[in-house]
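Hello,

Here is the structure we talked about handing over. Please load it first, then read the notes below beside it.

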Amino acid sequence: MLPYWLFFLTPALVALGSAPLMAMRADGTRPLRVDGTWLLVIASLTIVIGLRYNVGGDWGNYFRYLFGARSLTFWDLGGMEDPGYWALNLLSTQLGLGIAGVNTFGALLFSIGLVLFCRSLPRPWLALACAMPYLVTVVAMGYTRQAIAVGLVMIGLVMLGRQRFVLFALWVLAGALFHRSAVLMIPIAGLTVSKNRFLSLSLVAGAAALGYFTLLADSAENLVNTYVDQKVASDGAFIRLAMNAVPAALFLFYHKRFALSPAEKKLWLVFSFMAITMFIAFFPTNLSTALDRMALYIIPLQLVVFAHLPDAIGVFGRRNQAIVALILLYYATTLFVWLNFANHSTYWVPYQMGIG
């Protein structure tokens with residue numbers, strides 16, 4: 001378990017000693033500056049996630065892609081589900097890199113998305129620390145395909161906060177190449193439109209239609225059967241949905257104090273209402289698995305809320321270390337409980353690295 005604590009404590013300690021970033025762009029968003037330190041963070045995350053060995057509940061399941069890619073060419077990918085992930089397997093197979101190559105390429109895409117998202121926030125190190133217990137440890141090291149999709153969607157969300165609707169749709173569609181469920185995020189853009197409403201809604205609708213017919217139409221029935229009709233319960237779904245609902249409630253209560261651009265504030269209000277709706281829907285429905293998987297795309301809300309919360313409820317612009325420490329304690333408790341009491345944590349412990 002020690003490696004997981006090191007992964008968490010490293011950014012946590014930096015977060016405790018860091019002041020918030022005060023630089024703002026003219027539109028009220030923060031500049032995306034990825035310097036040498038953050039390039040090192042991307043490299044470190046890529047290595048830690050990508051070179052894991054026999055870690056994650058679905059570790060064995062992903063070998064079917066690797067073995068299946070041996071008989072494919074890049075021309076075969078167009079008619080396949082999740083062609084992006086198949087392409088990674090085909091590339092890794094041709095380079096002789098095996099599953100480590102697939103995981104490393106995927107980890108790089110996820111890590112770039114996570115770092116760019118964290119850098120768009122006032123306390124990037126705190127956001128990174130909050131991401132480590134679940135988004136990195138469980139999702140990135142367990143749900144490889146959807147983790148890549150989440151990473152690319154996070155880049156899209158940064159673009160959406162800057163009202164770059166086309167770029168948002170393109171990044172989401174790129175994520176859908178790895179896990180087609182990402183397409184379901186595109187309509188969110190329609191709820192955040194504030195200018196050029198007709199053009200923006202038309203572009204969003206076009207992107208959603210394109211994504212559905214190219215990525216979802218042939219497999220929609222299979223998705224419904226997997227996540228809805230079979231009524232398979234997802235262990236821990238209640239806790240994970242609650243983890244999104246808590247920051248959602250905090251944001252709804254304190255959102256006027258958050259230093260966000262109008263577009264960003266509207267975006268995270270939409271996410272907050274979604275998080276609470278999904279949490280409430282857990283009780284009267286049999287959709288725990290579907291809700292659990294869609295909740296992965298809501299996790300960025302946690303990073304946004306807790307990266308802003310010290311300044312929202314403390315003294316704006318100060319270190320507010322006591323509030324930061326309480327947030328880190330919350331996520332440390334989350335990591336401790338998950339590692340020691342989660343039903344499937346044995347698939348993650350011990351952490352191992354290897355190439356093969």
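**Aromatic pairs**

Searching the whole structure turns up 26 aromatic pairs. Phe7 and Tyr351 are both buried.

Next, Phe306 and Tyr331. Here the ring centres lie 5.6 Å apart with the planes at 85°, so this pair is edge-to-face. Phe306 belongs to helix H15 and Tyr331 to helix H16, 25 residues apart. Phe306 is buried, and Tyr331 is buried as well.

Some rings form a group. Tyr53, Trp59, Phe63 and Phe67 are linked by ring pairs into a cluster.

The charged end of Arg293 sits over the ring of Tyr143, at 4.4 Å from the ring centre.

**The model as a whole**

Keep in mind that this is a predicted model. The protein has 16 helices and zero strands. It has 356 residues, and 53% of them count as buried. Take the contacts with a separation of 6 or more: residues 24 or more positions apart account for 76% of them. The accessible surface is about 15,600 Å². Carbon and sulfur atoms hold 67% of that surface.

**Salt bridges**

Side chains of opposite charge can pair when their charged atoms come close. How many salt bridges does the count give? The count comes to six.

Arg25 and Asp27 make one of these, at 2.8 Å from N to O.

Arg180 and Asp82 meet in a salt bridge at 3.2 Å, N to O. Arg180 counts as buried, because its relative accessibility of 7% is under 20%. Asp82 is buried too, with a relative accessible area of 4%.

Asp292 and Arg240 meet in a salt bridge at 2.9 Å, N to O. Asp292 lies in helix H14 (residues 288-295) and Arg240 in helix H12 (residues 237-254), so the pair ties together parts that are 52 residues apart in sequence. Asp292 is buried at 5% relative accessibility. Arg240 is buried with a relative accessible area of 14%.

There is also a network. Salt bridges with shared partners join Glu81, Asp82, Arg145 and Arg180 into it.

Ala307 comes from helix H15 (residues 300-313). Its relative accessibility is 0%, so Ala307 counts as buried. What does Ala307 contact, leaving aside neighbours within four places in sequence? The contacts are Leu121, Pro122, Arg123, Leu126 and Ala127. The C-alpha atoms of Ala307 and Trp125 are separated by 8.5 Å. Along the chain, these two residues are 182 residues apart.

His308 is in helix H15. Its relative accessible area is 3%, so His308 is buried. A polar atom of the His308 side chain lies 2.8 Å from the backbone oxygen of Val304. Residues up to four places away in sequence are not counted in what follows. His308 touches Arg30, Leu121, Pro122, Phe258, Ala259 and Leu260. Leu121 and Pro122 are among the contacts of Ala307, and His308 touches them as well.

Best regards

Notes. Residues numbered from 1 in each chain as written. Predicted model: local features only at pLDDT ≥ 70, side-chain atom pairs only at ≥ 80, totals over all residues. Heavy atoms only, no water. Salt bridge = Lys/Arg side-chain N within 4 Å of Asp/Glu carboxyl O. Buried < 20%, exposed > 50% of the residue type's maximum accessible area, 1.4 Å probe, protein only. Helix = DSSP H or I, 4+ residues; strand = E, 2+ residues; numbered from the N terminus. Contact = heavy atoms within 4.5 Å. Phe/Tyr/Trp six-rings, centres within 6.5 Å; stacked < 30°, edge-to-face > 60°. Lys NZ or Arg CZ within 6 Å of the ring centre and 35° of its normal. Areas by Shrake-Rupley, 256 points an atom, 1.4 Å probe, with all protein chains shown as cover. Polar contact = N/O pair within 3.5 Å; in protein donor to acceptor, adjacent residues only side chain to side chain.
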